[in-house]
Amino acid sequence: MSEEKDFNYVSELKRAMNLLTENKAIFIGQCVKYSGTSMKHTLVNIPEEQLIEMPVCEEMQAGICIGLAIKGFLPISIYPRIDFMLLAFNQIINHLDKIEEMSEGKFKPKVIIRTAIGSTYPMF
C-alpha cells in the first residue's frame with residue numbers, strides 16, 4: 001500500500017486534533033467525551049482531562065471558551081452541526097470578535113471553532 005493511500009479526511013482530522021493537544025488545547029462541546037456524534041470519532045487518543053462534555057447550551061459553551069482563551073488555553077469549541085452554532089453567534093460575534101478592541105489590546109483570545117454541515121436533504 002502506498003503512503004499516499006494512508007491519508008484520508010478522517011485520519012487527517014484525528015492527526016490534527018492530536019497535534020492540538022500539545023498546545024494546552026481543551027476540547028469542549030457535545031459528545032466530545034462520550035459517543036453520540038461523528039465528531040467523537042476524531043477525538044480518539046485525546047487525554048480525558050482535555051475533554052469537557054457540555055449539555056445543549058451553545059451560547060454558554062462559546063462564553064466558556066472565551067474565558068478559557070483569556071486564561072491562556074486554546075479551546076476547541078465543537079458544535080456537532082452548524083445549525084447548533086447559530087445559537088452561539090452572540091458570544092462569537094459580539095464578544096470573541098471584539099474583546100481585543102474592547103480591552104485595548106489587553107486580551108487577544110484565540111478559539112478554534114469546529115463544526116460540520118449535515119445533510120441538506122432527507123435521508124430517505
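Start at the largest cavity, which has a volume of about 50 Å³. The model is predicted, and the count of cavities of 30 Å³ or more comes to 1.

Next, select the largest nonpolar core, which has 12 residues: Met 17, Leu 20, Ala 25, Phe 27, Val 32, Met 39, Leu 43, Ile 46, Leu 51, Leu 74, Ile 76 and Ile 78. Helix H1 (9-20), strand S1 (25-29) and strand S3 (74-79) are the elements that give two or more residues to this core. The largest share, 3 residues, comes from S3. Apart from this core lies another, of 5 residues, including Ala 62, Tyr 79, Met 85 and Ile 92.

Beyond residues up to four places away in sequence, Leu 43 touches Met 17, Phe 27, Val 32, Leu 51, Ile 78 and Arg 114.

Then move to Met 17, which sits in helix H1. Is Met 17 buried or exposed? Its relative accessible area is 7%, under the 20% cut-off, so Met 17 counts as buried. Leaving aside neighbours within four places in sequence, Met 17 is in contact with Phe 27, Thr 42, Leu 43, Ile 46 and Arg 114.

Last, draw a line from the C-alpha atom of Met 17 to that of Ser 103: the two residues are 86 apart along the chain, and these atoms are separated by 30 Å.

Definitions and conventions:
Residues are numbered from 1 along each chain as its sequence is written. This is a predicted model: local features need pLDDT of at least 70, side-chain atom pairs count only at pLDDT 80 or more; totals for chains, interfaces and linings use all residues. Side-chain values use heavy atoms; hydrogens and water are left out. A nonpolar core is a set of buried Ala, Val, Leu, Ile, Met, Phe, Trp, Tyr and Cys residues joined through side-chain atoms within 4.5 Å. Buried means under 20% relative accessible area, exposed over 50%, partly exposed in between (1.4 Å probe, protein chains only). Helices (H or I, at least four residues) and strands (E, at least two) are DSSP runs, numbered from the N terminus. Contact means heavy atoms within 4.5 Å. On a 1 Å grid over the protein atoms alone, a cavity is a set of points where a 1.4 Å probe fits but cannot get out, and a pocket is an open set with protein on both sides within 12 Å along at least five of seven lines; lining residues have an atom within 4 Å of a point. Grid points are joined across faces, edges and corners, and a volume is the space filled by probe spheres set on the points.
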